[in-house]
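I wanted its overall layout before any detail.

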Amino acid sequence: MPDLTRQTTDILALHALTIEMAVPAVAWGWAMVDGERYSDGIWALTALTPPYHWSEISDLVAQIVREQGLVAPRSQGEATRWLAWGHLEDIVASGGEDFAALKLVSRLWFDHETPDLHIFYKLKHAVREVEATGAQGHVAGLTRENWKAVVVETCAGWLAGHSRPDPFGER
């Protein structure tokens, strides 16, 4: 289970991008309760039962942001970077093994074209090709033998160049 800051970061980014988030939003509501962060919106969110409706979840997340004084992404680009941050940390922590996380970051670029995420789209295709055929033409120097190290290095470099999302305004 991700920590509360990661869950909050992800929910606020999904909300800003209007991506379906009902089930994780309700789980986040319960995590907020467990973290002793209470408000009317949180109680209303945790009281919901399926089927969930986007407008209701969206309204409650917005209410919780106001009640809790949370910092939300100010743009779609910032929201994609917030989501990317967690996925890229997962990739680094896995030593490059978390290909599912790489696919998610690649999809963020594909769907939203956030310029600094394009490298992850290229990396995803490079890894697929090099694993399938032994060669690729997307990322210079990436080989079947070094792709995990290249992916981790690229992710770590991106993380070092971008501020960690801070939805609670604590840093």
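The entries below go from the whole chain to single residues.

**Ground rules.** I am working with a predicted model, in which local features need pLDDT of at least 70, side-chain atom pairs count only at pLDDT 80 or more, and totals for chains, interfaces and linings use all residues. Residues are numbered from 1 along each chain as its sequence is written, and side-chain values use heavy atoms, with hydrogens and water left out.

**Whole chain.** I looked up the secondary structure and found eight helices and zero strands. Helices here are DSSP runs (H or I, at least four residues) and strands are E runs of at least two, numbered from the N terminus. I noted a C-alpha trace that spans about 55 × 35 × 25 Å along its principal axes. Of the 171 residues, 44% count as buried, where buried means under 20% relative accessible area, exposed over 50%, and partly exposed in between (1.4 Å probe, protein chains only). I also looked up contacts, meaning heavy atoms within 4.5 Å. Among contacts with a separation of 6 or more, 60% join residues 24 or more positions apart.

**Helices α1 and α4.** How do α1 and α4 pack? I found an angle of about 125° between α1 (residues 4-16) and α4 (residues 54-68), with the axes 11 Å apart. Axes are lines fitted to C-alpha atoms, for helices over the stretch in contact, and angles run from 0 to 180 degrees between N-to-C directions. The two helices are therefore oblique to each other; angles under 35 degrees count as roughly parallel, over 145 as roughly antiparallel, 65 to 115 as roughly perpendicular and the rest as oblique. On the α1 side I listed Ile11, Leu12 and His15, which meet Trp54, Ser58, Val61, Ala62 and Val65 in α4. These contact residues divide into six nonpolar, two polar and no charged. Ala, Val, Leu, Ile, Met, Phe, Trp, Tyr, Cys and Pro count as nonpolar, Asp, Glu, Lys and Arg as charged, and the others, Gly among them, as polar.

Most residues other than glycine have a negative phi, and most peptide bonds are trans. I noted a cis peptide bond from Pro50 to Pro51, with omega near 5°; Pro51 lies in the loop between α3 and α4. Glu36 has a positive phi of about 60° and lies in the loop between α2 (22-34) and α3. Is Glu36 buried or exposed? I read 60% relative accessibility, so Glu36 counts as exposed. Glu113 has a positive phi near 50°, in the loop between α6 (99-112) and α7 (118-133). Glu113 is exposed too, at 55% relative accessible area.
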